[in-house]
Amino acid sequence: MPIDAAKAVAAEPRSAEIAWDHKDIQLYHLGLGAGIPATDPDELRYTLESKLHVLPSFATVAGAGKGVIGGLTGPGLDISLASVLHGGQTIRLHRPIPVRGRAVSTSRIAAVYDKGKAAILVLRTEAADDEGPLWTSDAQIFVRGEGGFGGDRGPSVRLELPPREPDKVVEKAIREDQALLYRLSGDWNPLHADPEFARLAGFDRPILHGLCSYGMALKAVVDTVLGGDVGRVRSYTTRFAGVVFPGETLRIRIWAGDSQVHVSVTAVERDDAPVLADTIVEHS
């Protein structure tokens, strides 16, 4: 069997040194569609090195995204990228991410869940520098065709949105080339660039990275609800409920609360087809 759950969970954690600077931050932000309008002072916080702050979702690509891809090749795992989708993502921030940094990133398979026709791997990555912990990231990796091994089904949490109209609605167009730009931050899965590979995975054309939609939604929350202060984000979690294609438009609905923001993200052109669900930003 390609996945040996016991062996995968028991494997020794993998550690690697990672580093980043303003160019990595700026590239990531541009991959999310930042910088429009280019001279907007609010956008310059994402694009101009002298004013730069770091969107917390950068944690998912720091070190060129080695944590997720590397985590799929460990002991007990023999997985084709054509069978893999990102099922969910959580990041917990221990303090703001610096514009320039060097850290040790440690990754391990924290759990393997049996969903019947698929398996879910929970890949936990923790990053720390000389001053202590920076972030903890849990990536839920959905692997089609690898379930049915009799394991724990794992948690199944569905969150109800607040029973009122959203406080903010933001629409963000996805450029035709946005997946090509975003993948330069480290996610080289050909599903997001190669039409032939996308067809093998069951899509008629390449799809946008789920983590790109994830970052776009967080940026909308920071910009509209948190006063542009990235340091207020404490954690951010989502379930990837559906795909979105380059050229489409994301509709980001936001319900603000004292310490939590609920978010729903859909694809406008496909009758508000779900893209991100069960999405919460915890903040100070």
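In the predicted model, Trp135 is in contact with Ile18, Trp20, Ala59, Ala62, Arg92, Leu93, His94, Ile97, Thr125, Glu126 and Ala127, when neighbours within four places in sequence are left aside. Trp135 has a relative accessible area of 2% and is buried. Trp20, one of the residues in contact with Trp135, has a relative accessibility of 4% and likewise counts as buried, because the limit for this class is under 20%. A pair of aromatic rings is described by the distance of the centres and the angle of the planes. For Trp20 and Trp135 the ring centres lie 5.8 Å apart and the planes meet at 50°, so the pair is classed as tilted. Trp20 belongs to strand S1 and Trp135 to strand S5 (residues 132-144); the pair therefore ties together parts that are 115 residues apart in sequence. Both residues are members of one aromatic cluster, which is formed by Trp20, Tyr28, Phe58, Trp135 and Tyr182.

In soluble globular proteins, nonpolar side chains tend to be buried together. The largest nonpolar core of the model comprises 51 residues, and Trp20, Phe58 and Trp135 have the most contacts inside it. Helix H7 gives the most to this core, with 9 residues. A second, separate core of 14 residues includes Leu77, Ile79, Val84 and Val143.

The strands are considered next. Strands of a sheet pair through backbone hydrogen bonds, either parallel or antiparallel. Here, 10 strands form an open sheet in the order S1-S3-S4-S5-S2-S7-S10-S9-S8-S6, with antiparallel pairing. Strand S1 (14-20) and strand S6 (168-173) are the edge strands, each of which pairs on one side only. From one strand to the next, the twist averages 20°.

Within this sheet, strand S3 (residues 101-114) and strand S4 (residues 118-129) run antiparallel and are joined by 10 bridges; Val104 stands opposite Ala128 in S4. Ser105 also lies in strand S3. Ser105 counts as buried because its relative accessibility is 11%. Beyond residues up to four places away in sequence, Ser105 touches Arg14, Ser15, Ala16, Ile18, Thr125, Glu126 and Ala127.

Strand S9 (residues 260-267) is largely enclosed by the rest of the structure, because 7 of its 8 residues are buried. S9 pairs with strand S8 (residues 249-256) in the antiparallel sense over 7 bridges, and Leu250 has Ala267 in S9 as its bridge partner. A hairpin of 3 residues joins S8 to S9. The pairing of S9 with strand S10 (residues 273-283) is also antiparallel, over 7 bridges, with Glu282 in S10 as the bridge partner of Gln260. The hairpin formed by S9 and S10 has 5 residues between the strands, and Asp271 in this turn has a positive phi of about 55°.

Helix H7 (residues 210-224) lies across strand S2 (84-93), S6, strand S7 (233-240), S8, S9 and S10, and runs at about 140° to S7. H7 is also among the elements that cover the buried residues of helix H2, which include S1, helix H3 (41-47) and helix H5 (178-182) as well. In H2 (residues 22-31), the buried residues are Ile25, Gln26, Tyr28, His29 and Gly31. Gly33, which follows H2, has a positive phi near 95°.

Two charged side chains are placed over aromatic rings. The charged end of Lys219 sits over the ring of Tyr46, at 4.6 Å from its centre, and Arg205 lies over the face of Phe245, 3.9 Å from the ring centre.

Definitions and conventions
Residues are numbered from 1 along each chain as its sequence is written. This is a predicted model: local features need pLDDT of at least 70, side-chain atom pairs count only at pLDDT 80 or more; totals for chains, interfaces and linings use all residues. Side-chain values use heavy atoms; hydrogens and water are left out. Buried means under 20% relative accessible area, exposed over 50%, partly exposed in between (1.4 Å probe, protein chains only). Helices (H or I, at least four residues) and strands (E, at least two) are DSSP runs, numbered from the N terminus. Two strands pair if DSSP finds at least two bridges between them. Axes are lines fitted to C-alpha atoms, for helices over the stretch in contact, and angles run from 0 to 180 degrees between N-to-C directions. Contact means heavy atoms within 4.5 Å. A nonpolar core is a set of buried Ala, Val, Leu, Ile, Met, Phe, Trp, Tyr and Cys residues joined through side-chain atoms within 4.5 Å. Rings of Phe, Tyr and Trp (its six-membered ring) pair if their centres lie within 6.5 Å; planes under 30 degrees apart count as stacked, over 60 as edge-to-face and the rest as tilted. A charge sits over a ring if NZ of Lys or CZ of Arg is within 6 Å of the ring centre and within 35 degrees of the ring normal.
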